[in-house]
Amino acid sequence: MSSLQFDIAHLLAGSLVLASFMMLYQDRLYALLNVYALHAGVLALSVAWQAYVQQAPHLYVTALIALVFKAIIIPVALHRIIKKLGIHREIENVIGVGLTMMAGIGLVALSMVVMLRVTPGADALAREDLAFALSVVLLGLLIMVTRRNAVSQVVGFMSLENGLVLAATGAKGMPLVVEISVAFSVLIAFIVIGIFLFRIRERFDSVDVQALDRFRGERR
C-alpha cells in the first residue's frame, strides 16, 4: 500500500470519529439526524476506499448499502417519525455537553491504547482502523447512555453499528453475505423500533426515557 492510500484511509476513519463527536455535541434531534446521515456517508466512503485498496469488489456493495440505507433512507424515515409523533425536538442530556465531550475524548484515548497494544502483529492500516472503529463503538454507547430521548438513543445504537462495519472492513472485510445480513438486521430493528416509538407515543404521550421511568415508579 502506498503512503497516499494509507493517509486517505486514515483520514476517512478519523473523519468517522469526528462525526461521532459532532453527534455527541448536538442538542436538537433534526441536527442529530443530519449529522448521523453525514456519519453514514463517511462510512460509505471509507468502506469504498477499503474496497479499492484491498481489491475487494464485494465491499463496494457494502458501501452502497451504507450510503442508500444508512445515509438516506433511515435519516429521512426518522425525520418523518419525529414530525408524525410531534416529538420534542430538543435533546435532554443526563450530564452536560462539556463533561460528555471530555468523556468521549477519554474513550477515544482508551481505544487507541487498547487496540494498538493488543494488535502488535497486524498491519498498520488494520491496527489503526480497529482503533478508530472501537472509538466509534464506544462513542455510540456514550450517546445512548447520556441521552434521555428514545430517538437519540436509537441513533446512538446505529452509529455504534457503523463502528462495527468499519472494524470488519478494516480487518480485511467480512463475507458479503454476513454484511448483507447485518444491514438487513439493522433495517428490521429500525422498523421495529419505529413501531415501538409509535406505541410509546400513543400510550404515554412522550418518548422521554425519564418520563417513562417516572410512570413505572408510579405504577409500583
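This is a predicted model: local features need pLDDT of at least 70, side-chain atom pairs count only at pLDDT 80 or more; totals for chains, interfaces and linings use all residues.
Helix 1, which spans residues 3–25, packs against helix 2. The axes of helix 1 and helix 2 come within 9 Å and cross at roughly 165°. Because angles over 145 degrees count as roughly antiparallel, helix 1 and helix 2 are assigned to that class. The crossing of these two helices is left-handed. In the contact of helix 1 with helix 2, 18 residues are nonpolar and six are polar, with no charged residue present.

Helix 2, comprising residues 29–54, also contains both Trp49 and Tyr52. These residues lie three positions apart and are therefore separated by about one helical turn. One aromatic pair is found in the structure. It is formed by the rings of Trp49 and Tyr52, whose centres are 5.2 Å apart; the planes stand at 40°, so the pair is classed as tilted. Tyr52 has a relative accessible area of 46% and is therefore partly exposed.

A further helix pair is formed by helix 4 (residues 97–118) and helix 5 (residues 124–146), with axes that come within 8 Å and cross at roughly 150°. Helix 4 and helix 5 are therefore likewise roughly antiparallel to each other, and their crossing is right-handed. On the side of helix 4, the residues in contact include Thr100, Ala103, Gly104, Leu107 and Val108. Among their counterparts in helix 5 are Arg127, Leu130, Ala131, Phe132 and Leu134. The residues of this contact comprise 13 nonpolar, five polar and one charged.

Key. Residues are numbered from 1 along each chain as its sequence is written. Side-chain values use heavy atoms; hydrogens and water are left out. Axes are lines fitted to C-alpha atoms, for helices over the stretch in contact, and angles run from 0 to 180 degrees between N-to-C directions. Helices (H or I, at least four residues) and strands (E, at least two) are DSSP runs, numbered from the N terminus. Angles under 35 degrees count as roughly parallel, over 145 as roughly antiparallel, 65 to 115 as roughly perpendicular and the rest as oblique. A crossing is left-handed if the near helix is turned anticlockwise from the far one by less than a right angle, and right-handed if clockwise. Contact means heavy atoms within 4.5 Å. Ala, Val, Leu, Ile, Met, Phe, Trp, Tyr, Cys and Pro count as nonpolar, Asp, Glu, Lys and Arg as charged, and the others, Gly among them, as polar. Rings of Phe, Tyr and Trp (its six-membered ring) pair if their centres lie within 6.5 Å; planes under 30 degrees apart count as stacked, over 60 as edge-to-face and the rest as tilted. Buried means under 20% relative accessible area, exposed over 50%, partly exposed in between (1.4 Å probe, protein chains only).
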